[in-house]
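Student: I would like to work through this model by question and answer. Please keep it brisk.

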Amino acid sequence: MKRILLSLAAILACLICLAQPKKATIQYGPWVQNVSETGFTVIFKTPEPTLAYVEVAPEDGSSMYNSDLPRFYETIAGRRVHGTIHRIRVSGLQPGTPYRYRIVGKVALDDSYAYGIVWGPELKITGDISGIKTLDLNAKECRFSVVNDIHCKTGRYTSLTKDLKPEDMDFFVMNGDMASYVNSLDTMIKYTFGPAKELLQSVPSIYVRGNHESRGREFHLVPGIFDSPTGEFYFLFRQGPCAFLVLDGGEDKTDSSGEYFGTADFDSYRRTELEWLKKAVEDPLFKSAPWRIALIHIPTISHFTPWYAQQWLCDNMLPVLNEAGVDLMLSGHHHKYIYTAPGAEGNRNAFPILVNSNTDRLDCKVTEGRIDIRVVSEDGKELHSLSFKK
Ligand SMILES: [Fe+2]
C-alpha cells in the first residue's frame with residue numbers, strides 16, 4: 001500500500017511539473033555587435049523558441065520601470081520573430097552616450113496553430129545591463145583591445161580578458177580563429193563569447209573571421225551570431241579619429257585543397273570582397289579619418305609562410321590598402337609576434353603590419369596625433385610597446 005501511495009505521489013508531482021508553463025531564460029549571451037552612433041544589436045540564444053524584446057534607457061539615473069521605454073523586437077518583413085537565436089537591433093540612440101538595456105521574453109509553448117500561439121508568462125530574462133556606449137565620430141580618442149587565435153583555449157581567453165574594464169574601451173576585437181572549427185554552433189558561441197561573458201554583454205565586440213571558422217558542419221549558422229553594417233564579415237566603421245576596415249581573408253589554402261573536401265569557394269568570395277573594398281575606401285567616413293586601421297586575420301606579408309590566400313591578399317588587397325592610405329594593419333594567424341615595418345617587403349607595404357601572437361593581447365589607443373599599442377601577456381606583463389605618429 002505504501003509503495004502504491006509513493007507511486008501516486010510521484011505521478012502527481014510529474015503532472016504538477018508538466019502543468020507549469022516554461023519560463024523564458026537565456027542559454028548563451030547576451031553580447032553586443034554592430035555598434036554605431038545611433039544603435040547596436042543585442043544577440044543571445046534561448047533554449048526554447050521565445051518572443052523577446054529589448055528595453056533601453058540612458059544611463060541618467062532614471063528608473064527602467066517606465067512603461068514609456070521603447071521596446072525593440074527582431075522582425076522580418078514586418079513580422080516579429082520567435083526563435084532561439086535572437087538578433088535584436090536597437091536604434092534611435094544618441095552618439096557617444098552610455099545606455100542600459102534589459103531583455104524581456106516569453107516562450108512559445110505551442111505555435112503549431114497559426115491563429116492561436118500559446119505563450120508562457122512574459123518575464124525579464126536579464127537584469128539591467130549597464131555601460132553600453134554608442135560610437136561617436138567626434139570622440140577625441142578610440143580605445144580597444146584585440147585577441148586572436150585562441151583556438152578554444154578558454155583558460156587563456158579568460159586570462160587575457162579578466163583585467164579589461166568596460167569603461168576603458170570602446171570595443172573588443174576578436175581577430176579570428178577563436179574556435180578551430182564549427183561542428184556545433186553552441187560550441188562556437190561558448191568559445192567566442194563564453195570566457196568573456198560579463199565584459200561582452202556591455203562592450204561591443206568586433207568579429208574578424210579566421211580561416212578556421214569557416215570549417216565544420218554548422219559553419220553556415222555562424223553569421224547568425226554576429227552582426228555588421230554590411231551583413232558580411234567585411235565592413236567599415238569609425239570611432240573618433242580612426243576608421244576601421246574589417247576584412248576577411250577566407251580560407252588560407254587553395255579552394256581545391258583536400259582539407260575542404262570540395263566545399264571551398266573562397267576565390268570568388270575574395271574577389272567580391274575586393275570589389276566592395278575598392279568602394280569602401282572612397283567612403284567619406286574612411287577618407288576623412290585622421291587614422292585608418294585594417295583588421296584582418298591573415299596578414300598581407302610575403303616574407304613569412306605566404307600560403308596561397310596570404311599571397312593573394314598581398315597581390316590583390318595590399319595595393320588597394322596602400323593606395324587608400326591605410327596607416328596600420330593588425331592581424332593574427334601565425335601564432336607569433338611579427339612586426340613588419342613600412343617598406344620592409346621591398347616597398348610593397350606602405351604601412352606597418354603587426355601580427356599578434358596567439359598568447360597575447362593588444363591594448364590600443366588612437367588619438368588625433370598618435371597610435372599607441374601595448375602588447376600584454378596572459379599574466380599582464382607588457383612585452384612590447386609601439387607608437388605611431390602623424
Ligand atoms: Fe588562422
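Student: In which sense do strand β20 and strand β21 pair?
Tutor: This is a predicted model, where local features need pLDDT of at least 70, side-chain atom pairs count only at pLDDT 80 or more, and totals for chains, interfaces and linings use all residues. Residues are numbered from 1 along each chain as its sequence is written. Strands are DSSP runs of E, at least two residues, and helices are runs of H or I, at least four, numbered from the N terminus. β20 covers residues 361–367, β21 covers residues 370–376, and their six bridges run antiparallel.

Student: Which residue in β21 is the bridge partner of Val366?
Tutor: Two strands pair if DSSP finds at least two bridges between them. β20 and β21 have six bridges. In β21, the partner of Val366 is Ile371.

Student: Which strands stand at the edges of the sheet?
Tutor: Six strands form an open, mixed sheet in the order β13-β12-β11-β20-β21-β22. Each edge strand has a single partner, so one side of it is left without a neighbour in the sheet. The edges are β13 (205–207) and β22 (382–389).

Student: By how many degrees are neighbouring strands of this sheet turned against each other on average?
Tutor: Axes are lines fitted to C-alpha atoms (for helices over the stretch in contact), and angles run from 0 to 180 degrees between N-to-C directions. For this average, direction is ignored. The value is 20°.

Student: How many Å separate the centres of domain 1 and domain 2?
Tutor: Domain bounds come from an automatic or database domain assignment. That assignment gives domain 1 as 28–133 and domain 2 as 141–389. The centres are taken over C-alpha atoms, and the separation is 28 Å.

Student: What is the radius of gyration of the protein chain?
Tutor: The chain has seven helices and 22 strands. The radius is taken over C-alpha atoms, and the globule rule is 2.2 Å times the number of residues to the power 0.38. That rule gives 21 Å for 390 residues, and the chain comes close, so it is as compact as a globular protein of that length, at 23 Å.
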